[in-house]
Amino acid sequence: MSKIVYITKQQQILPTTSHYELGSIEECVDYLKDQPWLGVDTETAGKDFTRDKIVMFQIGTEEVQYVIDTRTISIEPLREILEGPTKLILHNVKFDYKFIKSHYDIEISSVYDTMLAECILNCGKDKYGYSLNHLTTRYLGESLNKQVRNKFIGLEGKPFSTEQIIYGAHDVKFLIQITRIQLEQVNKLGLYPVLILENRAVLAFADIEYNGLCFDERSWLENAEKNEVNVGIFEKDLDNEIIINGLTDFIAKHVQLDMFTPTEELRKVTVKWSSPIQVKKVMECYLRRKIDKVNAFELSKYKDQTLVIKYLKYKEKQKIASTYGRSFLKYVMKDGKVRTSFWQVLNTGRVSSGSKEDRKPNMQNIPARNEFRNCFHARDGYSIVSVDYSGQELAIIAYGSQDPVWLKCRQNNEDLHSVCAELVFGDKWHTGDKVALRTMIKTINFGLAYGMSKFKLSDTLNISVEDADKLIKKYFKAFPNIKSFLHKLGRYGVEHGHIRTFRPFRRLRWFPGWFKGIHTSQKDFKTMGAIERASKNTPIQGTGADMIKDSMWMIRKYIKRHKLPCYIVTQVHDEIGVEVRDDFAKEWALIQCRLMKEAGAKIIKGFDMTVDYTITKKWSK
């Protein structure tokens, strides 16, 4: 039976109880200092580490759990343990890390995240729960009481109830029990290397969330105003199309006069262009047929129609104006910074950014145009060093396929798209429009990483499906190694129900809906096709994710070891941004380039990954 020790200076509690005993922080340190594994958890008064406080800190082993009332007791004496080599087990490390760092300036260093481990074990499965309650129920048959958890908010100086103390202690014990079960499965599936990778990278992602980026609100609002004006211009253009095409159902018979608006500026068209329901009626009238939706995919079938073309362009402008307009200011925190949040393991192994629940923006989707990115800047006396892999996914395809042309281009630093175009088009390359031909091949080259179909290529290049199919066949005739590489990946996923990334990490993705023999069942053709496409792109995208996460860990480790004036502030696809003191920026850029190349070399053999860097005061594309 385990023991609970409660540490507090509160006078209102009972001196004796059958559920726990009282102790001191010194006793806690003395017991914990020689333990190889410790469970750690916090209870906080809210989710915002810049504003809310830690009210309870729990730490211990399966045998003894210490529950510390941090309103009266500091955890400073635990610094050496928390920052040392002891493996700390937490659930959703980033949350606790930010609170502990913010309130105690303690940086936990060696961690095991039960949430990340569960993501790795079950990557790809649909609607698979990753909360601590999901895990305790799944592995231990225990259900956590959410009502008790919610009682930590608004406590102020009130003493903890026995129920709350037991709740906090159980979290620690459960974490250790769950870890033991997870590790058995991790080792059985050969996932230990990727588990280590994710647990190392999580602290770098936590640093990005903690550090944030300085924000220029005035410049952002100037952009917002310009975009609003642009949207208005597009709306007027759409109104004109209604009038030109004589769509009288959407033209007002009588226009309400306004003493402040010139007659020529009064709007005659009744359509609200931001309403999909209204636009659907317009398009059905204009196209003279029923349509299901007015999204880009559905309307792309009618891309030769003027109103459709103008509406799709309007939607692009309108989305930017609404997503990256005045409403974005809700993300600015009290210190003038913008902070994102990350979900670290998507199906491919890549990350997503932003959370509606926590009111965090998607920083990975900020338009890659300087008018937007330049609104984020380094603190005074610092610059942003951004380093990205040059053609990362193309390099991964070259290595995986061992295609001689692709390998030669990488080794000699040649323009891959032009070389490929020349081989695909032959004499036409020398006599035709090289820019257009290169664009076609570039589209295919990058599309390979996403399992691009002839339908997607047709839509992207604005050519017929038949011509797209011919172009793909011509391409694969010129590059049989790439065709064979992708075919093998696709068949493997269909036949085995899972796919992995490249060595040494070998991340695993499961395919829900798969069953043995699906590749021979005509009934499940659609599922089979989806699995085949995912099997082609996951090893490419996932291997890129493995590489960038390893880079992040190496960069963070170097910064901490050498105590450098550097702070990781961005991670967007294959790019990592670090805020660096001005006098050290150039030197750091070269160090970061070297570290990212070293991370690439762990996966890609035979040629070096190439990287590019920029040093700017403002975040730039």
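I take helices to be DSSP runs of H or I with at least four residues, numbered from the N terminus. I note at the outset that this is a predicted model.

**Entry 1. Positive phi outside glycine**

I looked up R288, which lies in the loop between helix 10 (276-287) and helix 11 (296-299). Its phi is near 60°, a positive value in a residue other than glycine. R288 counts as exposed because its relative accessibility is 78%, and the cut-off for exposed is over 50%.

I then turned to N413, in the loop between helix 15 (404-412) and helix 16 (416-425). N413 is not a glycine, yet its phi is positive, at about 55°. With a relative accessible area of 65%, N413 is exposed.

**Entry 2. A cis peptide bond**

Which peptide bond did I note as cis? I found it from R503 to P504, with omega near 10°. P504 is placed in the loop between strand 14 (498-500) and strand 15 (508-510).

**Entry 3. Helix 5 and its cover**

I went through helix 5, which spans residues 132-140, and listed L132, L135, T136 and Y139 as buried. These residues sit on the same side of helix 5, because the arc they cover around the axis is only 95°. I recall that an α-helix has 3.6 residues a turn, so residues three or four places apart point the same way.

**Entry 4. E118 in helix 4**

I followed the cover back to helix 4, where E118 is found. Is E118 buried or exposed? E118 counts as buried, because its relative accessibility is 0%. Leaving aside neighbours within four places in sequence, I found E118 in contact with Y128, Y130, L135, R138, Y139 and Q182. Two of these contacts, L135 and Y139, are on my list of buried residues in helix 5.

R138 and E118 form a salt bridge, with the closest N and O atoms 2.7 Å apart. R138 lies in helix 5 and E118 in helix 4, so the pair ties together parts that are 20 residues apart in sequence.

**Entry 5. Other salt bridges**

I noted a count of 38 salt bridges. Side chains of opposite charge can pair when their charged atoms come close.

I checked R180 and E62, whose side chains meet in a salt bridge at 2.5 Å, N to O. Why does this pair tie together parts that are 118 residues apart in sequence? The reason is that R180 lies in helix 7, whereas E62 lies in the loop between strand 4 (54-60) and strand 5 (64-69). R180 counts as partly exposed, at 43% relative accessibility.

My next pair was R556 and D207, with a salt bridge of 2.7 Å, N to O, between their side chains. This pair links distant parts of the chain, 349 residues apart: R556 is in helix 22 (residues 525-562) and D207 in helix 8 (residues 192-211). I found both R556 and D207 buried. R556 and D207 also belong to a network of salt bridges that links them with K101, E107 and K560.

**Entry 6. A buried lysine without a salt bridge**

I looked up K360, in the loop between strand 11 (352-353) and helix 13 (370-373). K360 is buried but has no salt bridge. The nearest side chain of opposite charge is D48, 5.4 Å away, and a salt bridge needs the nitrogen within 4 Å of a carboxyl oxygen. Setting aside neighbours within four places in sequence, I listed Y331, M333, R339, T340, S341, G354 and S355 as the contacts of K360.

**Entry 7. A nonpolar surface patch**

Which residues form the nonpolar patch on the surface? I noted L590, Y613 and I615, with about 250 Å² of accessible area together. Y613 is found in strand 18 (residues 611-616). Y613 counts as partly exposed, at 32% relative accessibility.

Note on methods
Residues numbered from 1 in each chain as written. Predicted model: local features only at pLDDT ≥ 70, side-chain atom pairs only at ≥ 80, totals over all residues. Heavy atoms only, no water. Patch = residues over 30% accessible without salt bridge, like charges linked within 9 Å, V, L, I, M, F, W, Y side chains within 5 Å. Areas by Shrake-Rupley, 256 points an atom, 1.4 Å probe, with all protein chains shown as cover. Helix = DSSP H or I, 4+ residues; strand = E, 2+ residues; numbered from the N terminus. Buried < 20%, exposed > 50% of the residue type's maximum accessible area, 1.4 Å probe, protein only. Lys, Arg positive; Asp, Glu negative; His and termini not counted. Contact = heavy atoms within 4.5 Å. Arc of directions from axis to C-beta.
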